[in-house]
Amino acid sequence: MLQTRDERIWIGSWEDGLLLMHGDGRLEQVLNPALARVGQHIHTLYERADDCISIGCDDGVICFNPKTREWKRFFEDLQIPQNRQSDRFVYAITSDKEGGLWVGTFYGGAHYISPVGKRFEAFTIETGLRGNVISRFCEDKHGRIWIASDDGGLMCYDPKEHRFVDYPHQDVLARQNAHALCFSGDELWVGTYTNGVLVLNIETGSLRQYMQTQDPHSLDNPSCYALYTDISGGVWVGND
C-alpha cells in the first residue's frame with residue numbers, strides 16, 4: 001500500500017493490478033493486468049518526485065501517472081536492457097538523498113539509476129553483493145545504502161567509496177534471511193524470516209533481538225516481513 005502526497009491510498013495487488021481506494025472505501029482498478037498486460041504480482045509501490053508511481057512487479061518497473069492514468073515500462077524508457085528474466089521480478093524500489101533510484105530484483109541483484117545522465121549500474125554477486133534476492137533498501141544519515149536480501153543477509157554499500165563496507169555484527173546479520181528494514185534514529189531495524197527482529201545501532205555498534213517468547217508482549221510470530229517508523233518514532237512490525 002502507498003499513501004501519496006495528495007493523501008490518496010493506492011494498493012498493489014497480486015492478480016488485480018493497481019487499485020485506488022476512495023474515501024468511502026470503494027476500490028477502483030486503475031491498471032488492469034489482463035488488459036494492459038503489465039502489473040501482474042505487484043510487490044512494491046514508490047512515489048517519485050514527479051508524482052508518478054513506480055510499480056515493482058513481475059513485469060519489472062512500471063511508471064504510472066496518476067493524473068493521466070498512462071503507464072510505461074521504466075527500463076525500456078531509459079533504453080536499459082534487461083537481458084535476464086530474473087531482472088524483471090522487482091521486489092524493492094527506493095530513492096536516495098541524491099535522487100538516484102535503487103531497484104531490487106528476485107535473483108537479479110540490485111540496480112542503481114543515477115539522476116545525472118541516467119547512468120545505470122548493476123550490483124550482483126559477481127560485483128560484490130553477497131546475495132541476489134533483494135528484499136529492501138534503506139539509507140542512513142551518512143548516505144550509505146543498507147540492503148536486505150533473502151540469500152545474503154544484510155549488506156552496506158558506501159556510494160562515496162564505491163564499495164560494500166563492513167559493519168558491526170556483520171557475522172550475525174549477514175547470515176539472516178532479511179525481509180524488512182527501517183531506521184528509528186540511529187537504530188536500523190531488520191526483520192528476518194524465523195529469527196525475529198534484530199536492531200543494530202549504527203553509531204554504538206550495539207545489537208539486540210526481539211523474538212517470539214512466552215511473554216505476551218513479545219512478537220506473536222518469529223518472521224517479520226514489514227517494518228514502519230511512525231511520526232513519534234515508534235516502530236510497527238508486520239508478521240506472517
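Is Glu 47 buried or exposed? Glu 47 is buried, with a relative accessible area of 12%, where buried means under 20%, exposed means over 50% and partly exposed lies in between (1.4 Å probe, protein chains only). Before we look further, note that this is a predicted model, in which local features need pLDDT of at least 70, side-chain atom pairs count only at pLDDT 80 or more, and totals for chains, interfaces and linings use all residues. Residues are numbered from 1 along each chain as its sequence is written, and side-chain values use heavy atoms, with hydrogens and water left out.

**Salt bridges**

Let us stay with Glu 47. Its side chain meets that of Arg 5 in a salt bridge (3.5 Å, N to O); the term stands for a side-chain nitrogen of Lys or Arg within 4 Å of a carboxyl oxygen of Asp or Glu. Glu 47 belongs to strand S5 and Arg 5 to the loop between strand S1 (2–3) and strand S2 (9–12), so the pair ties together parts that are 42 residues apart in sequence. Strands here are DSSP runs (E, at least two residues), numbered from the N terminus. Arg 5, Glu 47 and Asp 51 are linked in a network of salt bridges.

| Salt bridge | Closest N and O atoms | Relative accessible areas |
|---|---|---|
| Arg 48 with Asp 50 | 2.6 Å | Arg 48, 17%; Asp 50, 43% |
| Arg 144 with Asp 140 | 2.8 Å | Arg 144, 19%; Asp 140, 1% |

**An open sheet**

Strand S5 also takes part in an open sheet of four strands, ordered S5-S6-S7-S8 with antiparallel pairing; strands pair if DSSP finds at least two bridges between them. S5 (44–47) and S8 (71–73) stand at the edges with a single partner strand each, so one side of each has no neighbour in the sheet. From one strand to the next, the twist averages 25 degrees. Within the sheet, five bridges join S6 (residues 53–57) to S7 (residues 60–64), and Ile 55 is opposite Ile 62 in S7.

**Nonpolar cores**

The largest nonpolar core has 16 residues, and Trp 146, Leu 154, Tyr 167, Leu 181 and Leu 188 have the most contacts inside it. Such a core is a set of buried Ala, Val, Leu, Ile, Met, Phe, Trp, Tyr and Cys residues joined through side-chain atoms within 4.5 Å. Strands S14 (145–149), S15 (153–158), S17 (178–184), S18 (187–192) and S19 (197–201) each give two or more residues to this core, with S17 giving the most, three. A second, separate core of 14 residues includes Trp 10, Leu 20, Val 38 and Ile 62.

Definitions and conventions
Axes fitted to C-alpha atoms, helices over the stretch in contact; angles between N-to-C directions.
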